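Subject: The model, and what turned up in it

Hello,

Here is the structure I promised to pass on to you. Please open it next to this email, so that you can follow along as you read.

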Amino acid sequence: MNSAEIDTVPSPLVAHPADPATHVTVRGLCKSFAGQPLYTDFNLDLPRHRIVSIFGPNGCGKSTLMNMIAGLVPLDAGEILFDGKSLKDTRIGYVFQNYRDALFPWLSAWDNIAYPLRRQGMKAAEVRRRVEELVALFEIRFDLQRYPYELSGGQMQTVCIMRALAPRPEVMFLDEPFSALDFEMTLFIRAKLQEAHLATGVTMVIVSHDLEDAVFLADQILLLTRRPTRIAEIVPFSLPRPRTPEAVSDPEFVRVKAHTLAVFRREMNA
């Protein structure tokens, strides 16, 4: 094996042990498309009970990274563990960007939320109790017996998030959860995701193309470079929760957003 080949061998998990506070460990991740490398020997630790936003230039593979971690896109090489477990032994939730296609149109909103619970074999009374807990948490005012096509976009996205939370996931993935929402619904979903996080401590990973959304909910903003993609910087954001809409004028929010923008521009021009 020559030196060039040695440089491309993915690092084994034991070579880069995770911090004890880490929930998701990514080691030696490699992914190429049409022979062009996107990720090469990529390593990442995602912290437990925190919200991490993924942000970076177009085409850098934000959604691809999240989808590889979530098991929706296969790896070319590498290893991903959740508290030392494989994905098949980990309970996850996923909120897709296109909520209109994500919900089952032949099921009511209520039955969409209950679907993963029934798949687990949960008894009817337990299913009802869990759905009612989520209805109370999200303060639902619309009729959950309606079908998805009878709901507004914001209502459909709310149902998608409730369904993802229903089985009490260890890790929850959200792909552009605000991209198709009006401002009123964006504020509502921001608030409810914070309440869900405070109530459950679920680790969340959010992909966003909007800088304010990426910063607002995050404990950490994972900034990526252009491809072949590396970590440009991991920016911490410690503003206490719950963060209200007025948080966007808080000096710490303004500082973190400005710094994140500066890193983003640097990578755009690299």
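First, some housekeeping. This is a predicted model, in which local features need pLDDT of at least 70 and side-chain atom pairs count only at pLDDT 80 or more, while totals for chains, interfaces and linings use all residues. Residues are numbered from 1 along each chain as its sequence is written, and side-chain values use heavy atoms, with hydrogens and water left out.

Six strands make an open sheet of mixed pairing, in the order 5-6-7-3-8-9. (Helices, H or I of at least four residues, and strands, E of at least two, are DSSP runs numbered from the N terminus; two strands pair if DSSP finds at least two bridges between them.) At the edges are strand 5 and strand 9 (231-236), each of which pairs on one side only. From one strand to the next, the twist averages 15°. (Axes here are lines fitted to C-alpha atoms, for helices over the stretch in contact, and angles run from 0 to 180 degrees between N-to-C directions.)

Let's walk along the sheet from strand 5. Strand 5 (residues 92-95) runs parallel to strand 6, and four bridges join the two. In this pairing I92 sits opposite V171, and G93 faces M172. On to the next neighbour: strand 6 and strand 7 (residues 203-207) are also parallel, with five bridges, and here V171 stands opposite T203. Strand 6, helix 7 (residues 183-200) and strand 7 together make a right-handed β-α-β unit. (Right-handed means that, with the strands pointing away from the viewer, the path from the first strand over the helix to the second runs clockwise.)

Strand 3 comes next. Four parallel bridges link strand 3 with strand 7, where I54 has V207 as its bridge partner. Another four, again parallel, link strand 3 with strand 8 (residues 220-224), and V52 stands opposite Q220 there.

How many of the residues of strand 6 are buried? Five of the five in strand 6 (residues 171-175) are. (Buried means under 20% relative accessible area, exposed over 50%, and partly exposed in between, with a 1.4 Å probe and protein chains only.) In a regular strand, side chains alternate between the two faces of the sheet. In strand 6, V171, F173 and D175 point one way and M172 and L174 the other, and all are buried.

Strand 3 (residues 51-55) likewise has five of its five residues buried. I51, S53 and F55 lie on one side and V52 and I54 on the other, so both faces are covered.

Take a look at Y39, which is found in strand 2. Y39 counts as buried because its relative accessibility is 1%.

**The largest pocket**

The volume of the largest pocket is about 280 Å³. (On a 1 Å grid over the protein atoms alone, a pocket is an open set of points where a 1.4 Å probe fits, with protein on both sides within 12 Å along at least five of seven lines; lining residues have an atom within 4 Å of a point. Grid points are joined across faces, edges and corners, and a volume is the space filled by probe spheres set on the points.)

Which residues line the largest pocket? They are A70, L72, I92, G93, Y94, F96, F104, Y115, P116, R163, A164 and P167. Of these, 10 are nonpolar, one is polar and one is charged. (Ala, Val, Leu, Ile, Met, Phe, Trp, Tyr, Cys and Pro count as nonpolar, Asp, Glu, Lys and Arg as charged, and the others, Gly among them, as polar.) Strand 5, helix 4 (109-119) and helix 6 (153-165) each supply at least two lining residues, and the largest share, three residues, comes from strand 5.

R163, one of the lining residues, lies in helix 6. R163 is buried, because its relative accessible area is 13%. The C-alpha atoms of R163 and I113 are separated by 4.1 Å, although the two are 50 residues apart along the chain.
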